[in-house]
Amino acid sequence: MPESVLNILVVGIGGQGVMTAAEMLARTALSQGYDVKKTEVAGMAQRGGVVSSHVRFGPKVYSPQINPGEADLLIGFEVAESLRWLPYLRLTGVAMVNTLRIAPPVVSVGLYDYPADPIGELAAAGIEVHAFDAGAIAGELGNLKLVNTIMLGAISDHLPFPAEILKANIVEGFRAYKPKLADINAQAFDAGREAGHVKTLSDRPAANA
Amino acid sequence: MNAVVNAQIESRHLLSGNEAVARAAWEAGVRVAAAYPGTPATEILENLALYPDIHSEWSVNEKVAVEVAIGASLAGSRALAAMKHVGMNVASDAFMTQSLAGVVGGLIIVVADDVGLSSSQNEQDSRYWGRFGHMPILEPADSQEAYQMVKRAFALSEEYETPVIVRMTTRVCHVKAMVIIEGDRIERHAAGFQKNPQRWVMTPANAKPRLPVMHERDRKLRELSETIDLNAASTGSDRRIGFVTSGPAFMHLRETFPNAPVLKLGFSHPAPLDKIRDFAAQVDTLVVVEETEPLLETEIRAAGLAVRGKDILPRFGELAPSVLRPAIKPLLGEPYPVPARSQTDIFPRPPTMCASCPHLGPYFALSHIRNLNIIGDIGCYTLGAGHPWNALDTCISMGASLSMAHGMDKGRGESDAKKSIVAVIGDSTFLHMGMQGLLNMIYNRGNITVLLLDNRSVGMTGGQENPGTGQDLHGLPAPRVDFAKLVEALGVRPERIRLVDPYELPTMVKLVREETKMAEPSVNITNRPCSLTDRFEHLKPYTVIDDKCTGCGNCIDLGCPAIFVARRETVTAKNGKSKELVFARIDNNACTGCHMCVETCAPEAIIQPQPQLKDRVIRIQPHA
Ligand code: SF4
Ligand code: SF4
């Protein structure tokens, strides 16, 4: 077991399953003997608002919150949200990003702009970025709800325990409550894991963070 | 490795603070639990409801919840009432006197302060109530402590015959953390109510002799505070600053200053002033870290100790590591890490109403009628103040819409001369504390147009039940209040009580326009359920036929988040002025097929690909 605490920030929009993904990471860490804390910042919006879930685990965890500049891993369920939380990531952090774009009404009515090239901005920040279209993979597998499992598969090789343990926890969970979805989630996990291996390289000159 | 982590894997659970409170109360043998939903405390009762051996209920408001718990305590049962911080204001009339009379069965009030205002109208420090009402306060710092302290609270309550406050904050209620479950339920039998008028009938003559008893109890609790293990100092290697702290701020402190001595007060009121004095003698500087008001700090200073606190720390919001570092590191003359990256400049995602939310129709109507003062209330419909409706002018407390509207009518100023006054309130808020305002307004011959938005749920907190929904906390059938009959009984004329389908926009607009012109009060009750609850019926999504859309943008004004702008175009109108066209599209994943937007579109560009038969008979129905 590593000496220090691992900080994972899961971000996205209300209704996307951010908290479920964070819960799965926290439960798996607990099952591996870690002390765990998980906290959410979700405003009044039940749907459509900014959601960030902090998962911390290690030998002993005090504060549940991740401070700016201290997240080891960022799992972004939407691109602009990934960019929003970039300041929370360590300079050497890893961002696993779903390239989905969701513009809120304030953007669609023209009050604000959606960032033109969020992936480019992330990659230019000097962090390790893995960006891919999780929705497309889910579509190929025939169920858009698989995005959650795909994102967990993608991050699974960056955790201090074997990816297979996280996968087994997810699949067992489905086997217990929705057995029909167990196999397809196992596939989604593997597909996400595969997609997560590809690094997104910056085509810009290195920015001074 | 920490001893806690070595516990048997099977006994370790990932629980939120609220879940831990429920589990502990059940183990402690609680027999009655009552609450009104309120973020961040709602899940306490939702979790207690899972235990069949407890009577748990949604009470209609927090005062009622506390009184239910008091009754159970007098019958000899252990009882719990839970609420959010503002609920304490409502409940205080009951507990301020019960604290004087005391308790029989352990009575605990779990209050959740929304430090940081994630979903509240203010930020109050409920620890004041312990001082005001002579009740001890326990302050857990995480789920494990919540679990342990709730059990201790019941025992303390019985031993000292006092209600006990367990003070949580959002950062305890909603954080999931490891909890080691040690026990099972200990069943406790209630002795039954022992009549004793001198004790339980709080007339002046009976209350007076209780005052010295209560003050003697305070003295004993203060002694206990000096010795109880919940107030413990950890010695640190770096004695330049010693911290006194309580609640989740302890966790942030430990994270930020791992080597500093910390006196953690789990039993924070009455404060152990001698213990604090001893602790202060061992450190160079004493700093109090408390959320949110300087209560301990003021008491420590009054005891003659030099102390720092709110001179360097904020008086509101969470004392997270990112707040503690810049405030305290300078005292040590140490640099602190500044985040390497500045905040990114990304658009906001303000909270919005849901697709097909039954509040959209009323707000569409309100936003299209001029000369209204719209007095609001607490609930999802408070969002009507935002974009694109801008149709809510006030929001302060549960039920205030009706009484404030009445006051605004009677206190009309010059600029209000031609205005109509509308009160907007939801079903649950109306039953919580709105009925009295309506009764008062009718009794005092007021003239307000009331929109009673009955969506058959407590929407804001996640769709809980109330006496208007026909179901109880357990989802079991329950008597359902008839709002039309209720408001008629309060004195509204039957002709002025209307049931209206909020999805019928033209009708909705016409109704509000007419009723606000009337010289007498009316109550207009909407009848569609919250679209996030099971009562809502999902139908096939609608779509915009691109060729037919003229870019008028009318449908966008409804504010349904399923409708979005597909593109904009600037054209030159006949008069030579340039004009912006906004073409709409419907997200068919989000659209629930409610039909509401159809009538905003004059060119009939919004259609349902496969028309469905739908019950559309409900227009305005006069009651009676
Ligand atoms: S029918 Fe119209 S108003 Fe109703 S959910 Fe769909 S887009 Fe929104
Ligand atoms: S109301 Fe009809 S015409 Fe106007 S923007 Fe909407 S869909 Fe297009």
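**Close-up views of the predicted model**

**View 1. The largest nonpolar core of this predicted model.** The core holds 75 residues. Tyr363(B), Leu366(B), Val424(B), Phe430(B), Leu438(B) and Ile606(B) touch the most other members. Residues come from both domain 3 (360-526) and domain 4 (543-607) of chain B, so the core lies between these two domains.

**View 2. Contacts of Leu366(B).** Neighbours within four places in sequence are left aside here. Leu366(B) is in contact with Leu372(B), Ile374(B) and Ala391(B), among others. Its contacts also include Val422(B), Val424(B), Leu451(B) and Val512(B). Both Leu366(B) and its partner Val424(B) are among the core residues that touch the most other members.

**View 3. Ala320(B) in its loop.** The loop runs between α13 (295-302) and α14 (321-332) of chain B. Ala320(B) has a relative accessible area of 8%, under the 20% cut-off, so Ala320(B) counts as buried. Not counting residues up to four places away in sequence, Ala320(B) touches Gln65(A) and His252(B). Arg152(B) is 168 residues from Ala320(B) in sequence. In space, the two are 27 Å apart, C-alpha to C-alpha.

Terms used. Residues numbered from 1 in each chain as written. Chains lettered and ligands numbered in written order. Predicted model: local features only at pLDDT ≥ 70, side-chain atom pairs only at ≥ 80, totals over all residues. Heavy atoms only, no water. Helix = DSSP H or I, 4+ residues; strand = E, 2+ residues; numbered from the N terminus. Buried < 20%, exposed > 50% of the residue type's maximum accessible area, 1.4 Å probe, protein only. Contact = heavy atoms within 4.5 Å. Core = buried A, V, L, I, M, F, W, Y, C linked by side-chain atoms within 4.5 Å. Domains from an automatic or database assignment.
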